[in-house]
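Please examine the structure shown below. The report that follows considers its helices, its strands and its nonpolar cores in turn.

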Amino acid sequence: MRQLDDIGRLAEINSGHRTEAARIEAMTDFVWALPEDRRAKFELDPFSASYGEQVQILLAEITGRDGYDPERDELANYLNDDRDRLASHYVPNFYRTSSSRFVGDMLQSFGAVLKALDVKAGDSILEYGPGDGQISLNLARMGCDVTVVDIEQRYLDLIHAQAEALGLRIQAMRGQFGDAPPGKKYDRIFFFEAFHHALDHQSVLHALRDHLAEDGMVVFAGEPIIPVDGYYRPTVQYPWGPRLDGLSLTAMQAHGWCELGFHREYFVELLMRSGFAVSFRQEPSTDRGSAYIARVSGQTVDLGAPVLIEAVGMPDCWHPGEGAWRWAKAAVAGIPLDRTGRWRSASLDLLNPLPIEKRVVISSDGGTEEFTMVPHETRTHTFPLAESGPALRIAAPVHKPSDLSSASGDNRELGIAVSTIRYS
């Protein structure tokens with residue numbers, strides 16, 4: 001990515017592009033390298049209030065506004081106030097890019113989100129930040145019970161006008177993320193390129209659990225959730241905060257919007273702390289359609305299931321689940337714990353799968369415990385829970401099975417294995 005030393009040059013870099021698609025492509029390749037002294041201010045617990053205050057200071061510096069207020073700063077002032085005129089002449093913005101590649105990418109992403117939602121006629125769906133509502137309109141056309149929540153009344157008017165023209169019913173509510181009509185549970189809640197506008201996203205996740213049906217799920221699609229080896233990792237130079245690519249900086253300066261990005265390990269830990277288990281659905285046709293899917297985790301968490309397990313400071317430290325077990329692939333691996341206050345203690349099942357003794361050190365709210373596990377031994381570790389605290393840390397040597405036995409063709413680095421967490 002090309003380095004941008006002075007964000008005052010954004011207007012100059014934004015000019016002179018032949019099409020809107022060309023401008024977007026160029027601006028996403030520029031990144032502002034945050035000065036070292038500014039990055040140092042984010043060496044705090046990313047779940048703490050003091051970290052959030054640093055995010056707000058940087059956001060205000062970028063936008064040039066006095067603080068951040070979504071009621072003021074998340075509006076789409078480029079929209080026409082005339083509802084009838086909007087309805088009769090409206091063309092979704094992505095068609096205005098003059099690029100069939102960009103339009104095709106958007107249409108593919110809509111299809112990917114519909115597949116990730118996996119719903120049928122009659123299911124209840126809540127979308128936050130729907131913009132002009134193209135995905136929700138498709139859901140309403142297939143017979144779903146759709147509710148949309150947005151802070152921009154003009155977008156809600158536009159969705160209502162489109163729905164009316166198509167003979168559809170969509171319930172629209174003006175509000176912020178986490179708001180919802182009272183007394184209703186939803187089979188699906190989803191965000192498409194919207195959750196990254198939630199500055200207080202930790203509180204939003206707790207609110208979503210109250211709006212979700214027992215077997216429901218929350219889908220986050222098209223969000224800037226960046227793995228440790230992701231191309232756009234340099235645009236988020238801290239666990240979470242304002243994205244520093246040219247396109248996001250331009251949007252923040254022009255509109256005052258909150259344009260966050262998240263390291264994936266932070267996002268996964270946040271969901272697990274909030275009582276969710278999260279999986280990832282890769283969309284091969286477009287990254288914009290890839291989705292993180294969160295389900296309420298319950299009293300027993302199956303760590304061998306196809307879910308993500310990552311923690312701040314410990315990204316990509318586990319192999320994929322293998323049904324009954326999941327092996328660590330790092331000498332220190334983390335498991336985020338449910339911090340909703342529902343539980344007082346937890347038990348973790350461990351296994352040493354290899355023909356060699358392993359010295360294991362587990363750090364949790366209850367302190368640190370060290371023990372040796374002999375080959376193929378299983379063990380249950382029980383510990384108390386606090387309402388907040390770091391992830392469970394498990395330290396154990398890693399070995400390649402192929403180095404321990406000539407009969408093994410397994411060249412993976414394997415540490416300790418874990419099976420389930422049970423809360424009580």
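## Helix α4

Helix α4, residues 49-63, contains 15 residues and reaches 21 Å from its first C-alpha to its last, close to the 21 Å expected at 1.5 Å a residue; the expected span is 1.5 Å times one less than the number of residues. Helices (H or I, at least four residues) and strands (E, at least two) are DSSP runs, numbered from the N terminus. This is a predicted model, in which local features need pLDDT of at least 70 and side-chain atom pairs count only at pLDDT 80 or more, while totals for chains, interfaces and linings use all residues. Residues are numbered from 1 along each chain as its sequence is written, and side-chain values use heavy atoms, with hydrogens and water left out.

Among the buried residues of α4 are Y51, V55, L58, L59 and I62. Buried means under 20% relative accessible area, exposed over 50%, and partly exposed in between (1.4 Å probe, protein chains only). The buried residues of α4 pack against β2, α3, β9, α11 and β10. G64 follows the helix and has a positive phi, near 75°.

## Helix α2

In helix α2, residues 20-27, the residues A21, R23, I24, A26 and M27 are buried. Their cover includes β1, α1, β2, α7 and α11.

## Strand β21 and its partners

Strand β21 spans residues 417-423, and six of its seven residues are buried. Two strands pair if DSSP finds at least two bridges between them. Strand β16 (residues 345-351) runs antiparallel to β21, joined by five bridges; here A346 has Y423 as its bridge partner.

Strand β13 (residues 300-302) pairs with β21 in the antiparallel sense over three bridges, and V301 has I421 as its bridge partner. Strand β14 (residues 326-327) is likewise antiparallel to β21, over two bridges, with W327 opposite A417.

## Nonpolar cores

A nonpolar core is a set of buried Ala, Val, Leu, Ile, Met, Phe, Trp, Tyr and Cys residues joined through side-chain atoms within 4.5 Å. The largest has 87 residues, and those with the most contacts inside it are F191, F220, I335, L348 and I394. Helix α12 (residues 264-273) supplies the largest share of this core, six residues. Apart from it lies another core, of 29 residues, including L117, V119, V148 and I159.

Which residues does L348 contact, leaving aside its neighbours within four places in sequence? Contact means heavy atoms within 4.5 Å. The residues in contact with L348 include L303, I335, F383, L392, I394, V418 and I421.
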